[in-house]
Amino acid sequence: MKRPCDHCHKERAALKRPKTSEQLCKACFYSAFEEEVHETICKTKIFRRGEAVAIGVSGGKDSTVLAHVLSLLNQRHDYGLQLFLLSVDEGITGYRDHSLDTVRRNEQQYSIPLKIVSYKDLYGWTMDEIVKQIGTKSNCTFCGVFRRQALDRGAVLLNADKIATGHNADDVAETVLLNLIRGDLPRLARCTNIITGEDSPLPRVKPFKYTYEKEIVMYAYFKRLDYFSTECVYAPFAARGAARDFVKQLEQARPRAILDLITSGESFRIGDTAQLKLPTPGNCTRCNYISSQPVCKACVLLEGLNSGQPRLGVARSRGSKKKGNPTPPGATPLPAVPSHPASSIHSTSSPEAATLSSSEKHSTDCELHAGSAPLDQGVNSASSCRGSSSNNHNSQKLAALQQDRRLESACSCRHGACRDQQNGGMPGIDFREQLDPAWLAAAVETSGVSAEESGVFASAASMAQTSGAAALHRNDNRHVPASSSPDAAERNLVQQSAAGKERGASLPDAMSMLHVGDGCCNGSCRGAAHHRSDDGQTRPSSTAVNSCLTQLSL
Amino acid sequence: MVAVTIELSGGLEALFGEQKTLKANVPSSGQLTASQLIKWTRDNLVVERADLFVQGNSVRPGILVLINDTDWELCGLLNAEIEDGDTVVFISTLHGG
C-alpha cells in the first residue's frame, strides 16, 4: 500500500502533494517545497538584491515557515537580502505573550534580528485594555486596523524596503471568493497580486502565494519547526468563516481548486468603472499614515477609545467629530520628557545580528546601487558603486519604490506618524525622532544601556557618535547637540551616508531618505502647522517631540 | 482492543482538554479503520466543540491526519488500517499563522 517516493524512488512516500498529486518522501518534499518558493520569488521578482525585508511573524505556522524558508533561500541562492523578523505585540495576556516567546526563539534559531512593536507603545492601549472597554464583540476590528499600521510602523523603524507576510494559497483563494461574494470588484482586481500595498507606506509581498497550507503545515511538522498554534483568547476559532470552509471542501474534492481559484482571480479583467472606484491614497490629517479618508481608521478608533466612546469607529458613525481635547481614560497621560527613554527598547537583536560586517555592507550598498535589478536565478550583479553619491542611492531607491508601487502621488517619505497630540490625534511616533542618531547617542549615555546590549540601537548610536550627525527636529532643551539648520543636518547625513556606511547604519541613511528632495513628498509631511516654525524651518512643536519620545520604542 | 497513540496539534488540543498526546485503547471487533478511530475519538476523547473536529463521517476539512508519520491520503484515508501501537496525528491547519 505504501508506495515509494515518485521522485527518488527509494524512500517511502510520506505525503501526497495537493498541488501535483505526487507522492513524495520527506527529503524530496522539502526540496520541492523550497524550490517552488524560490521559483515564485524569481518569477515574480518580488525581491531585489540588497533590500531589507521585514518578515511579519506571529509565531504561527505560516510566518514561522516563511522565516525559515526565506532565511534558507537567502543563503542558498545568495539573494543578498537583509532579513528582519517583525512582530506585533497586541498586549493579549495568555496568547500573544506566549507566541512572542516562540518568535524570540525563532530569532535565535534563524539568527535573524527581531523587532517587536507593541500596541501599548504605538497607541497607548493594549488589547486587554481595549477589550475591557468594548467587550469581545468588535475587538477584532480594533486589532485588525491597529495591527496593519503597527506592522508598517515597525517596518519603517527597521528601515525595511518591504514587508513579507505568510499569506498562503488557501488564504488568497479564500480572499478571491470573499471579494466575489461581496461584489468588491476593486479588491477582487488587486487581491491576487503578489505585491500589494497600495494603501500602505511599504509594499507587501506574499512569497507563499502559490504554497498550499497543507504543505506549509506538513513542512513545519516534519521539520519539527517551533511554532505556536493556540487560539486568540478573544476570538477562539474566529477564522472559521464559511468561505474558509468552502475552500477546504473544494480542496478535498479537487485539490487543484485552490490554484484554479487564484488563477481565476488573476484572470479577471476589471472594467474601467470598477477601476475608478479604487481609493485615492492620501494621508491621514492626524497621523499622516496613508489613508483614503481624511482621518484614518486607526485614528477614528483611537479617538473613540480616548474619549470614552469606544464604539465611535465601529458603529459606522464615520467621520471625525471634534471631541475637544479628550483625555484617555485608560491611557497614561504623556509625560513631558521620559526619564529613561531607552527603557522602552524592544529590540532583542544581538549586535552581531543587527549589524552587517563592513564587507557585507559594502556589497549590499553596491548591489543596491546596481540596481534595481530584480533577483533572478543565477543573477549576481556586482557593479561598483564607487564614486556615486548617496543622493543617487537614495533617489534611485526611492524612485524604484515609487515606480514599483505606482504611487507617485502619495507621500513616500515614510514619515508616517508625526502628529500633534493636542489635535486629538493618536499618541505619536515621529520616525525622524526615532531615527535621530544624536538622540540615540544621548539616550545610550543616559540610559545605562551598554552598546553591546542594545543591538540595533547601539549601531545607530555608534553611527551617531562617529558621524557627528547633528540632531534633527531638535528645538527643546535636552542635552542633545542641535544643528544650525535641520535641513543642513539632513544634507550632512546624506553626505555621510555616502562615505562608507554600513547597513546597520541605515538609520542615518534612512533619515536622509526621509527627505531626498522635493520629489520626496512635496513637503506634505512638513505641512502640518506644528511642524513649521516662524523662520520657515521645519520643526515639530515640543509637544509633538515629547509625545514622540514618550512613545519611542526602538 | 487496539492501543493507539493520538497526538493533537495546530490548536486541536483545545478540543481535547489541552492535551497534546493521548494513549487510547480502542475497542475493535476486527480491523480498526481510521473511520472508526475518528468516530470513537469524537465520542470518547473530545471534550468540547466536537463539530470542529468531525464533519459528517470524517474529520473536518482542513484537519490533516498522519498515521505513523505518513499522510493518511497515502494510507487509504477513512479506510486506512490502524494497527496496534500506531501513532495517529491530527493537525489543524485552520488556526492563524
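Tutor: Let's start with a rule: two strands pair if DSSP finds at least two bridges between them. Keep in mind that this is a predicted model.

Student: What makes E3 and E4 of chain A a pair?

Tutor: Five bridges join strand E3 (residues 52-56) to strand E4 (residues 82-89) in chain A. The rule asks for at least two, so E3(A) and E4(A) count as paired, and they run parallel. Within this pair, A:Ile55 sits opposite A:Leu85, and A:Gly56 has A:Leu86 as its bridge partner.

Student: Why is the link from E3(A) to E4(A) called a right-handed crossover?

Tutor: The chain goes from E3(A) through helix H2 (residues 61-76) to E4(A). Right-handed means that, with the strands pointing away from you, the path over the helix runs clockwise. This β-α-β crossover is right-handed, so its path runs clockwise in that view.

Student: What makes E5 and E7 of chain A edge strands?

Tutor: The open sheet has six strands, in the order E5-E4-E3-E6-E8-E7. E5 (114-118) and E7 (195-196) each have a single partner strand, so one side of each has no neighbour in the sheet. For E5(A), five bridges join it to E4(A).

Student: How do you know whether A:Asn106 is buried or exposed?

Tutor: Its relative accessibility is 3%. Buried means under 20%, so A:Asn106 counts as buried. A:Asn106 lies in helix H3 (residues 96-110) of chain A, and among the residues it touches are A:Leu85 and A:Asp226.

Student: And why is E4(A) described as largely enclosed?

Tutor: Seven of its eight residues are buried, so the rest of the structure largely encloses E4(A).

Conventions: Residues are numbered from 1 along each chain as its sequence is written. Chains are lettered from A and ligands numbered from 1 in the order in which they are written. This is a predicted model: local features need pLDDT of at least 70, side-chain atom pairs count only at pLDDT 80 or more; totals for chains, interfaces and linings use all residues. Side-chain values use heavy atoms; hydrogens and water are left out. Helices (H or I, at least four residues) and strands (E, at least two) are DSSP runs, numbered from the N terminus. Buried means under 20% relative accessible area, exposed over 50%, partly exposed in between (1.4 Å probe, protein chains only). Contact means heavy atoms within 4.5 Å. Lists of a residue's contacts leave out its neighbours within four places in sequence.
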